[in-house]
Amino acid sequence: MRLLSVVVIAGLIWLVGLFAFAHRVRELTPADDPARADAIVALTGPSAERVNAAIRLLEQGKGERVLISGVNREVRRRELRELTPGSSRLFNCCVDLGFEAEDTVGNAQEIAAWARSKGYRSLIVVTSDYHMPRSLVEIRGQLPGVKLTPYAVSTPSLDNARWWRAAVTARRMTLEYMKYLAVLGREGVRRLTRERPAAAATPISAADEKAPA
């Protein structure tokens with residue numbers, strides 16, 4: 001009986017945490033106008049909106065450079081530039097592409113290597129609203145002491161306050177919440193054991209036009 005009570009209480013805590021996480025996700029958009037940072041980083045995703053948002057921030061002078069992390073290796077720099085609205089001059093001079101990241105852990109490592117190589121101490125982080133909490137934890141784990149400002153891109157299907165009633169949105173939010181909990185647990189253990197985060201290779205620079213993304 002006592003075990004059943006523990007399971008029920010744990011389940012209720014998990015459920016409350018899920019709805020608190022969903023509320024946080026929904027509160028991230030629309031994103032506030034961010035203060036200027038040293039640079040801007042965009043984590044690639046299922047659409048080009050994350051990249052477009054980062055380029056718009058660059059045009060507004062919110063940072064001196066942009067890193068697009070996790071670009072598909074089959075996409076060339078020229079093709080990505082054509083899909084992105086805004087100044088070709090800015091894209092050519094001030095946008096770096098990261099080719100190594102295949103997941104959020106890789107994104108964080110790639111961003112950390114890039115930021116350290118350029119001495120950046122503050123970053124605007126651009127990714128989807130549901131992906132932002134986990135991304136911030138991952139990046140902070142790789143870049144302790146660097147100021148991170150979230151700039152979340154809205155996921156229209158998650159705007160509905162009753163997201164839990166639709167199977168697709170409930171699944172997406174629940175899976176992301178579970179991933180978020182796993183990352184929090186991993187980072188907590190790493191801090192306790194003082195394990196150093198793994199380093200990543202420096203991404204290819206903006207000048208490399210021929211390298212696949």
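Me: In which strand is Thr 127 found, and is Thr 127 buried or exposed?

Reply: The model is predicted, so local features need pLDDT of at least 70 and side-chain atom pairs count only at pLDDT 80 or more, while totals for chains, interfaces and linings use all residues. Residues are numbered from 1 along each chain as its sequence is written, and side-chain values use heavy atoms, with hydrogens and water left out. Thr 127 lies in strand β4, where helices (H or I, at least four residues) and strands (E, at least two) are DSSP runs numbered from the N terminus. With buried meaning under 20% relative accessible area, exposed over 50% and partly exposed in between (1.4 Å probe, protein chains only), Thr 127 at 0% counts as buried.

Me: Which residues is Thr 127 in contact with, leaving aside its neighbours within four places in sequence, and what separates the C-alpha atoms of Thr 127 and Ala 42?

Reply: Contact means heavy atoms within 4.5 Å. By that criterion Thr 127 meets Leu 43, Arg 50, Met 132, Ser 135, Tyr 151, Ala 152 and Val 153, sequence neighbours within four places being left aside. Ala 42 is 85 residues from Thr 127 along the chain, yet their C-alpha atoms are separated by 6.0 Å.

Me: What pattern does the chain follow along the sequence?

Reply: The secondary structure comprises seven helices and five strands. Of the contacts with a separation of 6 or more, 80% join residues 24 or more positions apart. Read along the sequence, the pattern is α-β-α-β-α-α-β-α-β-α-β-α.

Me: At what angle do α1 and α7 pack?

Reply: Axes are lines fitted to C-alpha atoms, for helices over the stretch in contact, and angles run from 0 to 180 degrees between N-to-C directions. The axes of α1 and α7 are 10 Å apart, and the angle is about 105°. Because angles of 65 to 115 degrees count as roughly perpendicular (under 35 roughly parallel, over 145 roughly antiparallel, the rest oblique), the two helices α1 and α7 are roughly perpendicular.

Me: Why is α6 described as largely enclosed by the rest of the structure?

Reply: The buried residues of α6 pack against α1, β1, α5 (104-118), β4, β5 and α7. Among the buried residues are Arg 134, Val 137, Glu 138 and Gly 141. Helix α6 is largely enclosed because ten of its eleven residues are buried.

Me: What is the relative accessible area of Glu 187?

Reply: Glu 187 belongs to helix α7. Apart from neighbours within four places in sequence, Glu 187 is in contact with Val 137, Glu 138 and Gly 141. Glu 187 is buried, and its relative accessible area is 4%.

Me: What percentage of the 213 residues in the chain do buried residues make up?

Reply: In α1, the buried residues include Leu 18 and Phe 21, and what covers the buried residues of α1 includes α6 (132-142) and α7 (167-193). Over the 213 residues of the chain, the buried share is 46%.
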